[in-house]
Amino acid sequence: MAGVWVFKKNGVVCLVDNQTEEHSRRKKLLHTPTNEVITSYALLERKLFSLGWERYYEDPDLLQFHKRSCIDLISLPREFSRFRSMHMYDIVLKNRECFRVVHL
């Protein structure tokens, strides 16, 4: 079991699970021009469409976007609950001027 030992105010030491700590401060994708946190794929899709991205329907298990002007492809899990920081950083890398990952 991985974690960190923490001293409580009453003097008791307890093991805090890293996963619990990580979930309390999750990473979020921020649309910087509007300062809006992306909370759904519908919102993300609208932002990507406005930047020239189009839906790509090749793989039914993924939500994919591409730009005609380049070879970039953004592949996301079908369910937003499985949207992780690696997907966020992929979006940021391909849209540096409009997105960033923040800790909230």
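In which loop is the place of Asn 35? In this predicted model, Asn 35 is placed in the loop between β3 and β4 (36-37). Most residues other than glycine have a negative phi. With a relative accessibility of 58%, Asn 35 counts as exposed, because that value is over the 50% cut-off.

**Overall fold**

The chain contains three helices and eight strands. Along the sequence these elements follow the pattern β-β-α-β-β-α-β-β-β-α-β. Of its 104 residues, 29% count as buried. The chain exposes about 7300 Å², and carbon and sulfur atoms supply 53% of that area. Among contacts with a separation of 6 or more, 37% are between residues 24 or more positions apart.

Within α3 (85-94), the residues His 87, Met 88, Asp 90, Ile 91 and Val 92 are buried. The buried residues of this helix pack against β3, α2 (41-50), β7 (73-77) and β8. An α-helix has 3.6 residues a turn, so residues three or four places apart point the same way.

Asp 90 is a charged residue placed in helix α3, and it is among the buried residues of that helix. Not counting residues up to four places away in sequence, Asp 90 touches Leu 73, Ile 74 and Ser 75.

Asn 95 lies in the loop between α3 and β8 (99-103). Is Asn 95 buried or exposed? Asn 95 counts as buried because its relative accessibility is 0%, and buried means under 20%. Its side chain is joined to that of Trp 53 by a polar contact of 2.8 Å. Beyond residues up to four places away in sequence, Asn 95 touches Leu 48, Leu 51, Trp 53, Lys 67 and Ile 74. Ile 74 is therefore touched both by Asn 95 and by Asp 90.

**The largest pocket**

The largest pocket holds about 160 Å³ of space. Its lining consists of Arg 26, Lys 27, Lys 28, Leu 29, Val 37, Ile 38, Thr 39, Phe 80, Ser 81, Phe 83, Arg 84 and Met 88. By class, the lining has six nonpolar, two polar and four charged residues. Strand β3 (residues 27-31) gives the most to the lining, with three residues.

Val 37 lies in strand β4 and counts as partly exposed, at 25% relative accessibility. Leaving aside neighbours within four places in sequence, Val 37 is in contact with Lys 28, Leu 29, Leu 30, Leu 43 and Leu 104; Lys 28 and Leu 29 also line the pocket. Ser 81 lies in the loop between β7 and α3 and is exposed, with a relative accessible area of 53%. Met 88, by contrast, is one of the buried residues of α3.

**Asp 59 and its loop**

Where is the place of Asp 59? Asp 59 is in the loop between β5 (54-56) and β6 (62-66). At 27% relative accessibility, Asp 59 counts as partly exposed. A polar atom of the Asp 59 side chain lies 3.0 Å from the backbone nitrogen of Asp 61. Leaving aside neighbours within four places in sequence, Asp 59 is in contact with Gln 64 and Arg 78.

**Pairs apart in sequence**

Several of the residues described above can also be placed by C-alpha distances to residues elsewhere in the chain, as the following table sets out.

| Residue pair | Separation in sequence | C-alpha to C-alpha distance |
|---|---|---|
| Val 37 and Arg 100 | 63 residues | 9.8 Å |
| Ser 81 and Ser 40 | 41 residues | 9.1 Å |
| Asp 59 and Ser 75 | 16 residues | 9.4 Å |
| Asp 90 and Leu 76 | 14 residues | 9.6 Å |

Val 37 and Ser 81 both belong to the lining of the largest pocket.

Terms used:
Residues numbered from 1 in each chain as written. Predicted model: local features only at pLDDT ≥ 70, side-chain atom pairs only at ≥ 80, totals over all residues. Heavy atoms only, no water. Helix = DSSP H or I, 4+ residues; strand = E, 2+ residues; numbered from the N terminus. Buried < 20%, exposed > 50% of the residue type's maximum accessible area, 1.4 Å probe, protein only. Polar contact = N/O pair within 3.5 Å; in protein donor to acceptor, adjacent residues only side chain to side chain. Contact = heavy atoms within 4.5 Å. 1 Å grid on protein atoms, 1.4 Å probe; cavity = no way out; pocket = protein on both sides within 12 Å on 5 of 7 lines; lining within 4 Å. Points joined across faces, edges and corners; volume = space filled by probe spheres on them. Areas by Shrake-Rupley, 256 points an atom, 1.4 Å probe, with all protein chains shown as cover.
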